[in-house]
Amino acid sequence: MNELHSRLHPLLKSFTEKGPSGCSLQVMHQGNTIYKDYVGFANKEDEIAINEDTIFRIYSMTKVVTCTAALMLYERGLFLLNDPLEKYLPEFKNMKVYHKDDTGKVTVIPASRSILVKDLFTMTSGLTYGGEANETEKQVAKTFQQLQEKGEKLTNRRLSEVLAAIPLAFQPGAQWHYGLSHDVLGALIEVLSEKTLGQFFQDEIFTPLGMEDTFFRIPDNKMHRFAALYNRNEDGTLIKNEKMDVQFEPLSELESGGGGLLSTLGDYSRFAHMLANGGEFEGVKVIGEKTISLMTKNHLNDEQAKTYNWDYLAGYGYGLGVRTMMDSAKGGSNSSEGEFGWSGLAGTWVLIDPQEKLSAVYMQQMIPNFEAYHQPRLRNVIYGAVK
């Protein structure tokens, strides 16, 4: 514990000197919390310190919860990974694909095969976020803008229908592309469980694990615990970002399986350590150890792996919704093979290692998030001190 503190505390402090207004970290090993630390401010203007009650936007760390929840339904025999998605979400029948020829001309052609449920987990479906990189991204952005102008409130089921009406960016299974696949997985969970995504999470994961401060909507009586989100300018100044919180307000209906959850350091640590501990935490079994093993295998083939090319994820493959360590030499990492997790837009990060029964959760709230600087350093220092 002292060795961890002597190494990690100065590192966290250095992060806050150059980046976020504050950060926190919890490390658990074989069922025990061996390190917990809070540095800096949740709200620097009001000088509110980060503490165990601070509630964070975890953004894409929601994806690990969504994929775990879907795999719980897989364990109940409600779907197979190789099932066509249209079996459960009929709007995805007879999908179309944008095709660009050698001259740059874009046409719409039929999909060569169905999207499989597995394609949602592995981000190989052809679904994208809104953006400018390809025709699908442009159409997603345009469609969302139109829905917003009309004042239509999206639900997961409606989001699924909207996305199915837009041609895919590539043939299903052809490549890895980060996008809205896990949001559609959220819609699949709703159809199979006959519950809203939030209710399924609450009943099957949050309540059993004692996660009292994890939700899609922040209750009024907990709003004072909500950390501020900051944009960092190039000169290092932090400007409060208040434009990105619409999805967390009480009247919002979308429960984004790809990025909508709020949580605390302690709550998410309970979830992470359940996965590190073979699917069980404090006597509560959530998911099977063999299913976690399947989740954390690399599921990308060589062709798909070509587009899974973020520099700071060198050495990692991609499992059922998580990065997974395959080649520690390539990644310059001292972590175990099979160490897995994901991170969030504002710099939150989770590391889960079933081999060592080790988990680590890091929380901050800053864009850009400096993940390529912070997260590998945290990983290497933790492994250096624990083993």
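**Figure 1. A sheet of 3 strands in the predicted model.** The strands form an open sheet with the order E8-E7-E17, and their pairing is mixed. Strand E8 (238-240) and strand E17 (366-367) stand at the edges; each has a single partner strand, so one side of each lacks a neighbour in the sheet. Strand E7, residues 230-232, pairs with E17 in the parallel sense, over 2 bridges. In this pairing, Asn231 lies opposite Ile367 of E17.

Figure 2. H6 is mostly covered, with 12 of its 13 residues buried. Among the buried residues are the charged side chains Asp183 and Glu190, as well as Val184, Leu185, Leu188, Ile189 and Leu192. Ser181 and Ser193 are also buried. Just after H6, Glu194 adopts a positive phi of about 60 degrees.

**Figure 3. The largest pocket, with a volume of about 1400 Å³.** This pocket is lined by 40 residues, and those closest to its centre are Phe144, Met244, Gln247, Leu254 and Ser256. Helix H4 (135-150) and strand E14 (340-343) are the elements that give two or more residues to the lining. H4 gives the most, with 4 residues. By residue type, the lining of the largest pocket divides into 18 nonpolar, 13 polar and 9 charged residues.

**Figure 4. The second largest pocket, with a volume of about 320 Å³.** The lining consists of 23 residues. Nearest the centre of this pocket lie Arg57, Met223, Phe226, Ala227 and Ala228. Strand E2 (32-43) and strand E3 (48-49) each supply at least two residues of the lining. The residues lining the second largest pocket comprise 11 nonpolar, 5 polar and 7 charged.

Methods:
Residues numbered from 1 in each chain as written. Predicted model: local features only at pLDDT ≥ 70, side-chain atom pairs only at ≥ 80, totals over all residues. Heavy atoms only, no water. Pairing = 2+ DSSP bridges. Buried < 20%, exposed > 50% of the residue type's maximum accessible area, 1.4 Å probe, protein only. 1 Å grid on protein atoms, 1.4 Å probe; cavity = no way out; pocket = protein on both sides within 12 Å on 5 of 7 lines; lining within 4 Å. Points joined across faces, edges and corners; volume = space filled by probe spheres on them.
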